[in-house]
Each structure stands twice: as structure tokens, then as C-alpha cells.
Amino acid sequence: MSPITILMIVIVAAAAATWLIPAGKYDTLEYTDNAFVIHSSRGDSTIPYNARVPDGLGIKIAAEKFSSGSIRKPVAIPGTYHALQGNRQGIIEIIQAPLRGIMDSIDIILFILVIGGFINVFNETGAMAQGLRSLSAKFKGRESWLIIVLTFLFSFGGASFGMAEEGFAFYAILIPLFRAAGYDMLIPVAVIFGGTQLGTLASFTNPFSTIIASNAAGVNWTDGLTGRIFIFIVTTSIYIWYIVRYALRVKKDPARSLAENTGEAIVAQASGQQPADEIISRRKSVLLIIFLLTFLIMIAGVVWLDWWLLEMSALFLTASLVVAIISRLGEKLYLKQFITGAEGLLSVAFIVGIARGITFVMNEGNISDTILYYSANVVKQMPPSIFIIALLGLFMVFNQFIASSSGMAVLTMPIMGALAVIINIPGREIVNAYLYGMGIMGFLTPTGLILPSLALCNVGFKAWWKFILPLLVILFVVCSIFLVAGIYLG
């Protein structure tokens, strides 16, 4: 079953849920034009900017967080949940959902298409192939170290600045390298997507999850920083061990690969390609340096210059032009290769957009807040240790409906932060439960990046499920231990 088909089934299921789950919604608070706006079913009301407004509404977020732009999305107001008349989603809404999702995801889609164009233009120069042959030769017999280093770097990117969509650019580089090393196509997915996703679990400076969630919960994001760095080291070490163990097993016996129809290909690649050292020409060396600098500039821009998808897309477009000029491709060949590369990732771009359509169905049906409301009422009656583990499980469930880390944060943190005060749980552990829940289930959430990642490597979701499920059980146990320890030792 194709990823797009799976997503359409999920959209239909979400629409069906709007016929079964009562509709309801929290009032929300938003900052705009030096004023606070309260959105409710009765209409909007505007309050002149005042530092005491959020606290007066039970929102433990400093007012300057709104005015500075740290909190950009509407924040749920605790205690304001109210039932609404059902807005059941039907056939028309189901048909419109993927289209609305694509329209709403145009910035991500544009980024993916531009990356496809850039990679294809770069591949036309031959520098990639020559560089990969040289790199493969240098790591011959030590490919496991390549997995270790790259997985750590991707995990660090996810934990530090929220690296996610940026990983798409690396598949074209690493797929041939891992194939030549004798690994199956689960390895590039595990290293790139899995690495960045694992980083979100232990995000220590990620502005799109840790900082926004901490602000929304009314706690300083540096509270718990040491613990998050520690769990980053622990979980990344476990994950690297898990991948390397599988990779070595498959390399030794390709028949043990979980990826469908890859055993013979692995054998052919491993036995038929023995890269030899070769001297890289000066021009291709310059092109490889430009390629590397493009990604370094992208990372620096995201971390220090507040870049996001538009700026990153512009960077890769500029880099493709620079590569074309240095390699003297010519206008017609450059445009042909760029468009062909974009076409190659069009299906991936559609998957990302259609996944966003699920959120539209849930929101239009007014059931997302209902799920949160009743879930919160259940867990607030529990002892602290049971509550925090149950909360971890709830965030894992919520992740199936709200894949956006920032969207999840502003929707849930004000409510859960208020519950933490009632049950006497440190606010940082509420944030950690959110991070761990999003991080664990993000490995499987169809509305996230897993389906397009699998599509790039031609790997089925069933194979990924078999590969990753044992690890998720391990991560759940580890995270639960950290959460309980954080309550009683912190």
C-alpha cells in the first residue's frame, strides 16, 4: 500500500471520528498588533497589551514571550473548554483535505522540490559520484563507523536546532554509499530520518519544541537542560548500537534483511562494486566544498539567523546556480536537470502536503480539543509517578493527530502546565513528557516525515515497523525511568 493511500485512509478515519467524538474547543489567546485577542465561539475580543493579561487568564507564560514573537500561535486558555455543535466532516471535506494540506504546506513542498533540483544539478557534474567512490574506499572495512558518526550528527541536529525536513537533502548522498557498503535500504532511513527524529526526543535547545513548550508551560527552558543533554547521550548511544547491530547482521547475511526485495540487490552491490582510491580533480573538489558549505550555511542560518524554509530554499537555489556556473552546464542543461530533480521528489512533496490535511479534518471537526480535555480529566486524578507516565502515553497518542511540535506545544502545555501545579510536578517534567512522547511516536506517525522518507528509499512501512518497534519499547522504558526520577530526585 502506497504512503498516499495510507494517508487518505487516515483522513477518512479522522472524518469518521468527527461523527463519533463530541465537538468542543478551548478559548485561545493570541498576540497581534500590540494587543491580545481572545478567540472564542462567541466571537473575538481584543484587550490592549498588558503584562498581566496571560496570568489573569491562568496562562503561565510571560507577556513578553507573546510580544517578542516567541509564541506565535494561539494558546489554549485553561478552564475554557466548552462543547460545540458538531461539525461532521463528509465526502467534500475528505476530498478537500489533501488539497488544503498541500496549500498549507507550500513552503515545505517548495523546499523539497528545490532540494531535488539542487541535488540533480550537482549529480550532473559527476562530483558526487567521484566523491562517494573515494569516501567508500576510505571507509572500506569500517562502514560501521560511518553509521556511528552520521547518526550522531543527525541526532545532534534534531536536538539542537530541530533538524527534520533538512534531512531530505542527504538521501541522494547516502543511499549509494550504504548500498555499496552492503547494507539494505533501512539503514539510510534509520540514519537520516531516525537520527533527526531521535534528536527531537532529547531536544535541549530546539526552538520549535523545547523552547516553545517551556514558554507555553510557564517554565524556563534551561530548567532541565542538563538532564536533557544526559538523556540525549543515553538514547543516542542506544540507537546507534541498535542500528549498527542490525547493519552488521544484514551485511553478514543479506537474507536477514527486513526490507522487502533487497537481499539480492545487497549481494550484487556488495560483491560487484569494490571502490578503489582515486584522485579527485580540482574542479570537483571545489564543487564538493561548495556542496558541504551549502549545508553548513543552512545549519548556521537556522541556528543563529532564524532562517526557515524560505531562506533555506533560496540558499539551495543559489547553490544550484553556483554549481552550474562552475561546472559550465549551460542554461538549457541546468534547467533540464533542475526540473527533472524537482520532479523526482514530487511524490514526496505530495505526501508531506496530504499528511497536513489530516490536521484540517480534525480541527474543522472540532475534536482535537475534546480529545485533550477528556484525557486531561483522566490523568489529573492519578499519583505523580503514574500521572507522568500516563502523560507520556497521552502525548504519544496526541502525536498521531498533531504532528507539529510547536502546534502540540501551544495547544497542550498551558493545560498540562496548570495540571502540573495542581499535582505538584515540576513543570520541566511536563515538557519532558511532551518531548519524549513526540519523539517516540514520531518514528511511526504517518502525518510526520516517515512515509516520505520510506518512499525515497523504496522501503515499505511494514518493514520499518518490524525494524523500529523493539527500539521504541526500549526508549519508552528509558524515558519512563527518567521522568519518574525527575519527579522525585529533581
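A salt bridge here is a side-chain nitrogen of Lys or Arg within 4 Å of a carboxyl oxygen of Asp or Glu. By that rule the count comes to 4 salt bridges. Before we visit some of them, please keep in mind that this is a predicted model, in which local features need pLDDT of at least 70 and side-chain atom pairs count only at pLDDT 80 or more, while totals for chains, interfaces and linings use all residues. Residues are numbered from 1 along each chain as its sequence is written, and side-chain values use heavy atoms, with hydrogens and water left out.

Let's start with the sheet. Helices (H or I, at least four residues) and strands (E, at least two) are DSSP runs, numbered from the N terminus, and two strands pair if DSSP finds at least two bridges between them. Here 4 strands form an open sheet with antiparallel pairing, in the order 4-3-2-5. Strand 4 (43–48) and strand 5 (75–76) are the edge strands, each pairing on one side only. One example to find on screen is phenylalanine 36, whose bridge partner in strand 4 is isoleucine 47. A hairpin of 2 residues leads from strand 3 to strand 4.

How well covered is strand 4? Buried means under 20% relative accessible area, exposed over 50%, and partly exposed in between (1.4 Å probe, protein chains only). Strand 4 is hardly covered, as the count of buried residues among its 6 residues is 0.

The side chains of arginine 42 and aspartate 27 meet in one, at 3.6 Å from N to O. Arginine 42 lies in that loop and aspartate 27 in the loop between strand 1 (24–25) and strand 2 (28–32), so the pair ties together parts that are 15 residues apart in sequence. Arginine 42 counts as exposed at 67% relative accessibility, whereas aspartate 27 counts as buried at 7%.

Another salt bridge joins the side chains of glutamate 364 and arginine 100, at 3.5 Å from N to O. Because glutamate 364 lies in helix 16 (residues 346–364) and arginine 100 in helix 4 (residues 91–104), this pair ties together parts that are 264 residues apart in sequence. Glutamate 364 is partly exposed at 32% relative accessibility, and arginine 100 is partly exposed at 31%.

Arginine 428 and glutamate 429 form a salt bridge too, with their closest N and O atoms 3.1 Å apart. Salt bridges that share partners join Asp223, Arg428 and Glu429 into one network. Arginine 428 is buried at 11% relative accessible area, and glutamate 429 is buried at 4%.

Now for the nonpolar core, a set of buried Ala, Val, Leu, Ile, Met, Phe, Trp, Tyr and Cys residues joined through side-chain atoms within 4.5 Å. The largest one has 156 residues, of which Met413 and Trp464 touch the most other members. Leaving aside neighbours within four places in sequence, methionine 413 is in contact (heavy atoms within 4.5 Å) with residues including Ala213, Phe395, Ile430 and Tyr434.

Our last stop is helix 9 (residues 186–201), which has a kink of about 35 degrees centred on glycine 194. The bend at a residue is the angle between axes fitted to the seven residues ending there and the seven starting there. Helix 9 is mostly covered, with 15 of its 16 residues buried.
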